[in-house]
Amino acid sequence: MKFHPAFAAFAVAAVLAAGPARAVDLAMVSGDTGNGQRILREILDQYEKKTGNKVSVVPLPPSATDQFGQYRLWLAAGSSDVDVYQTDIIWAPQLARQFIDLTEATKDVVGAHFPSIIKSQTVDGKLVALPIFTDAPALYYRKDLLDKYGARVPASWAELADTAKLVMDKERDAGNKDMWGFVFQGNAYEGLTCDALEWVKSNGGGQIIEPDGTISINNLQAAAALEMARSWVGTISPPGVLAYQEEESRGVWQTGNAVFMRNWPYAYALGNSESSPIKGKFEVTTLPPGSGEGARPAATLGGWNLAVSKYSKNPDAAVELVKWIASPQMQKYRALKGAYLPTIQALYDDADIASAQPVIPRWKEVVLNAVPRPSAQAKTRYNEASSEFWTAVHNTISGEGTAADNLADLEFSLTRLKGTAW
């Protein structure tokens, strides 16, 4: 399906036509990383010029875990200071009661989005958030260095470790003492849940909690995947990776000091920016599979959405703002400026996007086959379940207990959390 500019103009005009007659002041919160805050501000400036409304942005730390904690405090207090919340794809079941139902207001636009993403934001038949961009990670690699040493793109995690060490050692021998083989997100937070889910799922170890609610994490293939990750720390990955989030990983990568990196799409545009030392020197591919039975590549489904607080004093204007930011025109703008992945399927066939950000069309299949975190299964207890998981993983890769022991303890904790049913 082709995306036509007239469609964008019509969609945005429809949004504005439904807007309020008087100008209002709105506030939204965002924890965007990289250049995300700047792009959001540019989108909001366009909105303000069109509508006369004013929108202030409350920036939050990039850690999704910290953001979620702050959201719960504001919403529990019934605060009207924030009208629009930028929400992680996993938060809908946990925060649904605090957000207004967008079903009726967005019935004219939801059909353009990936159905799986709309489904993820629908709780008890109510759409509680409208998607603005989706996320699925990839393996970034220094093509120039692989070519230099005659190495190929790794076809498994084991091959990645071998290639990372080979190139790292040769670069250090050549004088680059700061070179590392692989950087990822190893801090104890939601990002580690994403990374570790990929390790486990790609090694045939399941997805922590299966779609039917069964707790599956305590198995040999999951344990092997975590032991594999532990072997990276201090060898091909810096010891400090245990405290890395997305930006710390990108910092090492973009300064030219890593052979491989696991990260989200936003890092692609930044890595190819004019001032980047690695501009034109890297490529991306799918994350590799493990070696266990049922092994296959796995990428955690991410993405961000906008929800309107039930305590907003200007809910109609807030809904208008959400539809503006989520519109085809603004999703295209975000894709062109920052390589953010649209949630509107037609934009993956957009010629302008394909020309400016050729990586985006290649990500469509990754998104379609991405692995969801078990938020739908754990429901309101997902945050606690994820915290238990990333703690067990962090303990393991830090050398605090074996993977087998930590996963046995995790199974016990998740079983207790589940009770008779999720």
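Asp 124 sits in the loop that links strand 4 (122-123) to strand 5 (126-127); helices (H or I, at least four residues) and strands (E, at least two) are DSSP runs, numbered from the N terminus. The model is a predicted one, in which local features need pLDDT of at least 70 and side-chain atom pairs count only at pLDDT 80 or more, while totals for chains, interfaces and linings use all residues. Residues are numbered from 1 along each chain as its sequence is written, and side-chain values use heavy atoms, with hydrogens and water left out.

Most residues other than glycine have a negative phi. Asp 124, although not a glycine, has a positive phi of about 55°. With a relative accessibility of 76%, Asp 124 counts as exposed (buried means under 20% relative accessible area, exposed over 50%, partly exposed in between, with a 1.4 Å probe and protein chains only). Lys 379 also has a positive phi, near 55°. This residue belongs to the loop between helix 16 (375-378) and helix 17 (382-397), and at 43% relative accessibility Lys 379 is partly exposed.

Turning to the strands, an open sheet is built from 5 of them in the order 2-1-3-11-6, with mixed pairing (two strands pair if DSSP finds at least two bridges between them). Strand 2 (54-59) and strand 6 (130-135) stand at the edges with a single partner strand each, so one side of each has no neighbour in the sheet. On average, neighbouring strands of this sheet are turned by 20° against each other, direction ignored. Strand 1 (residues 25-30) and strand 3 (residues 84-88) run parallel and are joined by 2 bridges, and Val 29 stands opposite Tyr 85 in strand 3.

Two helices pack on this sheet. Helix 2 (residues 36-51) touches strand 1, strand 2 and strand 3, and its direction makes about 165° with that of strand 2. Helix 3 (residues 64-76) touches strand 1, strand 2, strand 3 and strand 11 (302-308), with its direction at about 140° to that of strand 3. Here, contact means heavy atoms within 4.5 Å, axes are lines fitted to C-alpha atoms, for helices over the stretch in contact, and angles run from 0 to 180 degrees between N-to-C directions.

How do helices pack on one another? Two packed helices are described by the angle between their axes and the distance between the axes. Helix 2 packs against helix 12 (residues 315-325) at an angle of about 125°, with the axes 11 Å apart. That makes helix 2 oblique to helix 12 (angles under 35 degrees count as roughly parallel, over 145 as roughly antiparallel, 65 to 115 as roughly perpendicular and the rest as oblique). Among the residues that meet here are Leu 40 and Tyr 47 in helix 2 and Leu 321 and Ile 325 in helix 12. Helix 8 (residues 190-202) and helix 17 pack at about 70°, with their axes 9 Å apart, which makes helix 8 roughly perpendicular to helix 17. Their contact includes Trp 199 of helix 8 and Trp 390 of helix 17.

Finally, Met 168 has its place in helix 7 (residues 157-173) and is buried, with a relative accessible area of 3%. The C-alpha atoms of Met 168 and Val 259 are separated by 7.1 Å, although these residues are 91 residues apart along the chain. Beyond its neighbours within four places in sequence, Met 168 is in contact with residues including Trp 180, Ile 236 and Val 259.
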